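Please walk through this protein chain with me. The tour takes in its disulfides and then a set of paired strands.

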Amino acid sequence: MLNGTAFKAVNTLFLMAGLGLYSCSDGPGAERPNGENGDLVFALSDSVDVRIPGIKTDSTWTLHNGTERIHLLPSDTVNGCWTIPVFDGTICMNGQIGEWHDVLRPGHYAVPVEWQSNPAPADMRPHANTLSWRLTFGSDNPWFGDLTLHQTSDGQAFGSIATATGDFRFLHGQLSDSTGLILQTFDGAHLFRFSATSLPDGTLLDGVFQSGNHYATPFTGAYLAENAPPLSEGKETSWTGEMASYSGLNLDGTPAQWNADAATGTHILSIMGSWCPNCMDEHRLLAQLMDRHPELKVHTLAFERGLDRDGGIEKALNRLNRYASQMGADQWDGRWTFVLAGPASKQAAADSLAFVDRVISFPTSVVLHENQPEPWIHTGFNGPATGPAYELEVAKFNRAINAGLTESR
């Protein structure tokens, strides 16, 4: 395996549902698997927690992340450890008490957890009404998101927050006069909690967004106006006019190099990280497009965390191999390429890819057609939890790919 010096010299789904690791929930009234119903409770502090419902047996554990199902994989039965697919996080339990470890963060990052038995979680559908807010996060350098929630008659709520560069995936919780707003999500790589006071006119005040036990920022919200400007305004990566090319390491650690000079057909360059849930959602869409378009080729350019640590490159390559396998990429052998392209930094990605002016977000996708002089570039990705925002993403990718394929036929 190449060491850090060698790497610097070289380069200065989809099928998650098919594999049973991530899936959409069954419809209302579907039979639930046997097991103990409960909540996995993450303690962010002495007074604040995140509660993710699920079903647990001695050999299986499924977490209900809103309308998404995450099937944990037993990894160390002696120490009661389970692995979260794709993102390599682990949950280790000693009886009902344990810790969630995010192995992609530096140091021994852990959040205490407790499994609490509860009745079967209520089905969050059908919903009674749908509400949308424009949220403002922070104060000195604010950023914005559009929260869309589906609310049930008993105050349960589920939905997502779409931003200019990606969404917060499957949020779920409560919205009522007594509790205000409480939303949460967990996907193995991220643990988010949103709380706010809800006023009669719909205004959200005293909001706090928390990520794990290491980050918090305030937010406010107001009902989304019909004439509100789009969040994506001014948030797109542009082509510099340089020919598309990249270098890095193949999954086996050998040098990889590619440029578009002699490339034929249609290629998608996906600038991403295996730690990025929005990237996983986009790759699920790319897999569907690969099925529909046999001539399509995808290049996954991974910018990974921890490359500067001891054994970091080898660990990143091992993680990428698992990611590719769990995405089912081997069924497109020769058409879906994975390359370790550099460290998890937007600046590092922009510096190594001269054909883009900047990298604003992971993922960033570049669609190249041999008969078109300028590529289509798309920043960020709003996934299936966002509903209409996701449908718009699907339409954009279909237009970008079909236009070039039609012209080349």
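Counted along the chain, the bonded cysteines follow the pattern 1-2, 3-4. A disulfide here is a pair of cysteine sulfur atoms within 2.5 Å. The structure holds two of them. This is a predicted model, in which local features need pLDDT of at least 70, side-chain atom pairs count only at pLDDT 80 or more, and totals for chains, interfaces and linings use all residues. Residues are numbered from 1 along each chain as its sequence is written, and side-chain values use heavy atoms, leaving out hydrogens and water.

Start with C81 and C92, whose sulfurs lie 2.0 Å apart in a disulfide. The torsion about their S-S bond is about 110°, so this disulfide is right-handed. It links distant parts of the chain: C81 sits in strand 6 (residues 81-83) and C92 in strand 7 (residues 90-94), eleven residues apart. Strands are DSSP runs of E with at least two residues, numbered from the N terminus. C81 has 10% relative accessibility, so it counts as buried. Buried means under 20% relative accessible area, with a 1.4 Å probe and protein chains only.

Next come C276 and C279, joined with an S to S distance of 2.4 Å. Their link is right-handed too, with 85° about the S-S bond. C276 is buried at 3%. C279 is buried at 0%.

Now turn to the strands. Strand 18 (residues 245-250) runs antiparallel to strand 19 (residues 255-259), and five bridges join them. Two strands pair if DSSP finds at least two bridges between them. L249 stands opposite P255 in strand 19. The two strands form a hairpin with four residues between them, and G253 in the turn has a positive phi of about 90°. Strand 18 also runs antiparallel to strand 22 (residues 336-343), through two bridges. There, N250 has V339 as its bridge partner.

Notes
Buried means under 20% relative accessible area, exposed over 50%, partly exposed in between (1.4 Å probe, protein chains only).
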